Amino acid sequence: MTGWLEGAAEVAGRVPPETTQRAVGYPALFVLVALGALVPVIPTGALVSSAAVVAFHQRTLPLGVLVVCGVAALAAFAGDVALYWLGRRGVRSRGGSRMLESLRRRAAPERLERARVGLEEHGVLVLVLSRLVPAGRIPVMLACLLGGLPLRRFARGDAPACLAWAATYGLIGILGGSLFSEPWKGVAAAVVLTVLISAGPGVWRRLGGGRRREG
């Protein structure tokens, strides 16, 4: 038994730290991004950008960043499809569901109306933009649910949307990683960028609304 433990410790000692980080980090990234598609409090964009910064500093370009983007896109797709499936169950039931009601509360009426019009005019192409526009995913998803869009068709439109979303935040991570030689500074820069991107449109709308009221 002692010999087996010593052998295992010797093998573990030969594994590079980067390999261990990837073995733990990729599954954790998948789980967190998938949960973030269901629970809006998880900052999934910042997670993807931070993981891309780490991959950048491990000198695994371009493979490391590509894997980060691939894992993030797959996780986002899985979370979106799960959320849509739950929403479809609520639409079909007589009394609705808590998940459908939660989606309604998270979608402002004016955004929902714009999403509905966009869906009628451009079809599932709107899904691609909804993933890239801050707070645009839920109104478009709800418009798809209320419009009776089948799950299979939603999934076909959501797949490229998730790929575009993951690639965008992966590029933000590369930018943050290239600006600083220390990974933690790159992560901080990437997080700040993602927060600005997420909060910017809301701040702009509030400022614009305030100016209109004053005028």
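## The second largest pocket

The lining of the second largest pocket has seven nonpolar, three polar and three charged residues. Here Ala, Val, Leu, Ile, Met, Phe, Trp, Tyr, Cys and Pro count as nonpolar, Asp, Glu, Lys and Arg as charged, and the others, Gly among them, as polar. This is a predicted model: local features need pLDDT of at least 70, side-chain atom pairs need 80 or more, and totals for chains, interfaces and linings use all residues. Residues are numbered from 1 along each chain as its sequence is written, and side-chain values use heavy atoms, without hydrogens and water.

In total, 13 residues line the second largest pocket; Arg114, Ala115, Val126, Gly136 and Val140 lie nearest its centre. At least two lining residues come from each of α6 (109–122), α7 (125–132) and α8 (137–146). The volume is about 260 Å³, taken as the space filled by probe spheres set on grid points joined across faces, edges and corners. A pocket is an open set of points on a 1 Å grid over the protein atoms alone, where a 1.4 Å probe fits, with protein on both sides within 12 Å along at least five of seven lines; lining residues have an atom within 4 Å of a point.

## Aromatic pairs

The whole structure holds two aromatic pairs. Rings of Phe, Tyr and Trp (its six-membered ring) pair if their centres lie within 6.5 Å; planes under 30 degrees apart are stacked, over 60 edge-to-face, the rest tilted. Tyrosine 84 and phenylalanine 154 are stacked, because their ring centres are 4.0 Å apart and their planes at 5°. Tyrosine 84 sits in α4 (residues 63–92) and phenylalanine 154 in α9 (residues 151–179), so the pair ties together parts 70 residues apart in sequence. Both residues, tyrosine 84 and phenylalanine 154, are buried, meaning under 20% relative accessible area, with exposed over 50% and partly exposed in between (1.4 Å probe, protein chains only).

Tryptophan 165 and tyrosine 169 have ring centres 5.7 Å apart and planes at 55°, so this pair is tilted. Both lie in α9, four residues apart, about one turn of the helix. Tryptophan 165 and tyrosine 169 are buried. Arginine 131 lies over the face of tryptophan 165, 4.8 Å from the ring centre. The test asks for NZ of Lys or CZ of Arg within 6 Å of the ring centre and within 35 degrees of the ring normal.

## Overall fold

The protein has 10 helices and zero strands. Helices (H or I, at least four residues) and strands (E, at least two) are DSSP runs, numbered from the N terminus. Buried residues make up 38% of the 215 residues.
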